Amino acid sequence: MTTTLHTASERLAGFVEKTPLERYVAPATPSLAGLSRAQLADALGTVGVPAAQRKMRAQQIWNWLYVRGAVTFDEMTSVSKDLRAALAEKFTLARPEVVAEQVSVDGTRKWLLRLPGETPGERPHEVECVYIPETDRGTLCVSSQVGCTLTCSFCHTGTQRLVRNLTAGEIVGQIMVARDRLGDWPGQTPPPAAIVPTPNSGPPELGSKVRRSGKPDLRGGRFVTNVVMMGMGEPLYNFEAVRDALLIVADNEGIGISKRKITLSTSGVVPNIARAGAEIGTMLAVSLHAVRDELRDELVPLNRKYPIRELLDACRNYPGLTNAKRITFEYVMLKGVNDSLADAKALVKLLKGIPAKINLIPFNPWPGTRYECSDWEQIEKFSELIFNAGYSSPVRTPRGRDILAACGQLKSATEKLSARERMALRAMAMTD
Ligand code: SAH
Ligand code: SF4
């Protein structure tokens, strides 16, 4: 008989982190969408492409997928008919299934995506992806897990029991879905209608813009210019998949969203911050939310494992930081909890020496939460103090209001609606 001795750190880990309850089970006919060059080459091997040709063929498929946005094998005219037919027998080009789309009058769009789950009888796995267009950019907020490994007390996702890591393909798939739905591939025009329009939604702004011009945009890739990993889940607890996905998204021979325009948000998984710097190299956002360990232990329980000092040391060591490449510190505004001016002063002091931006996020309440959003007046004072200390401290006015419940009205809203608003608010805070 073997006895397992648990160390203190193992017990702590069990307390702040959930164990994934679900594993990904690949569909019988897997999709090539979201695969890396090496994985595409392997897939080609399974349909009998000789080893010497695989690299070149994989590059062709890669090009069709990530430059042209192909959704059928038939479109791949540079690939022989026989190979197309062989691929179509074993693979698809499917993206995550869009089960609902909402389009706001201001162009904000949200997609509810259904992902395969393992447990019969469980609700299907769903994640959301939010697109926020602005005059000079379009930001897509992407999820990394169904649920989250962690249990932050103010976060609705943290209360979910079920966790499943998204595959790299499902992460890349979210960007492909957005580009499909926005008509954001070369030669395309946006599809006309949302799958589930909301009662008040007007014509989609982007769609009308393109249609007015009278001819399709031949370049594509103009709408989704920025990606933020700020949807559901803790990206650094799904490290390999997030890394592989972001390297595909950033590849300038494909989707080509540069690393400077991709932001990975973490609640502070310290060892993986250094890894992210070395192996991914995107911009970093850190969910700080408190300036004292005692309070952060409560808001972000992972702080018990990786306290503020260790977290900020990891930030200081993040490669390539300059005033032009700064870390974004996210700070959710919780009434009477972390929103005093003394907290603001301590925040400024704490971040001294780190090239930083501070994003104040108005707390988005959800049914059953014990927290409230700070008063706007207090948020403004907090923001002003930080601004006067030399930090940009944007607080964004909510976008997509017609498809979101306004702050404070969420008690009567469904969980789904509140999840949408939460994500949109986070993404908005990131677009400055
Ligand atoms: N897990 C990662 C990324 C996803 S959460 C992280 O925690 O950083 C993205 C951001 O939204 C985080 O800063 C998170 O703290 C914040 N957030 C979570 N729930 C929120 C809520 N109810 N209101 C406002 N911001 C929230
Ligand atoms: Fe997970 Fe981020 Fe929510 Fe914390 S704030 S529970 S890390 S999604």
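Predicted model: local features only at pLDDT ≥ 70, side-chain atom pairs only at ≥ 80, totals over all residues.
Local features were taken at pLDDT of at least 70 and side-chain atom pairs at pLDDT 80 or more, while totals for chains, interfaces and linings use all residues; side-chain values use heavy atoms, without hydrogens and water. Residues are numbered from 1 along each chain as its sequence is written, with chains lettered from A and ligands numbered from 1 in the order in which they are written.

The mean pLDDT of the chain is 83, where pLDDT is the predictor's confidence in each residue, from 0 to 100. A value of 70 or more is reached by 78% of the residues.

The chain holds 13 helices and eleven strands. These are DSSP runs numbered from the N terminus (helices: H or I, at least four residues; strands: E, at least two). Of its 432 residues, 55% are buried. Buried means under 20% relative accessible area, exposed over 50%, and partly exposed in between, with a 1.4 Å probe and protein chains only. The accessible surface comes to about 19,200 Å², by the Shrake-Rupley method with a 1.4 Å probe; for residues, only the protein chains shown count as cover. Carbon and sulfur atoms account for 53% of that surface. Among contacts between residues at least 6 apart in sequence, 70% join residues at least 24 apart.

Helix α2 spans residues 37–46, and its buried residues are L40, A41, A43 and L44. They lie on the same side of α2, because they cover an arc of only 160 degrees around the axis. The arc is that of the directions from the helix axis to the C-beta atoms. The face turned away from this buried side carries the exposed residues A38 and D42. Cover for the buried residues of α2 includes α3 (51–67) and α4 (81–90). Just after α2, G48 takes a positive phi of about 90 degrees.

Helix α11 covers residues 341–350, with D343, A344, L347 and V348 buried. These residues span an arc of only 140 degrees around the axis, which puts them on the same side of α11. Exposed residues A342, K345 and K349 sit on the face turned away from the buried side.

G183 is found in the loop between α5 (168–182) and α6 (205–213). Its relative accessibility is 2%, so G183 counts as buried. The C-alpha atoms of G183 and R222 are separated by 9.8 Å, with the two residues 39 apart along the chain. H289 lies in the loop between β9 (283–287) and α9 (293–299). H289 has a positive phi of about 65 degrees, although it is not a glycine. H289 is buried, with a relative accessible area of 5%.

Ligand 2 is surrounded by C148, L150, C152, C155, G158, G233, E234 and S267. A residue counts as near a molecule or strand if one of its heavy atoms lies within 4 Å of it. By class, this shell has four nonpolar, three polar and one charged residues. Ala, Val, Leu, Ile, Met, Phe, Trp, Tyr, Cys and Pro count as nonpolar, Asp, Glu, Lys and Arg as charged, and the others, Gly among them, as polar.

How values were computed: Contact = heavy atoms within 4.5 Å.
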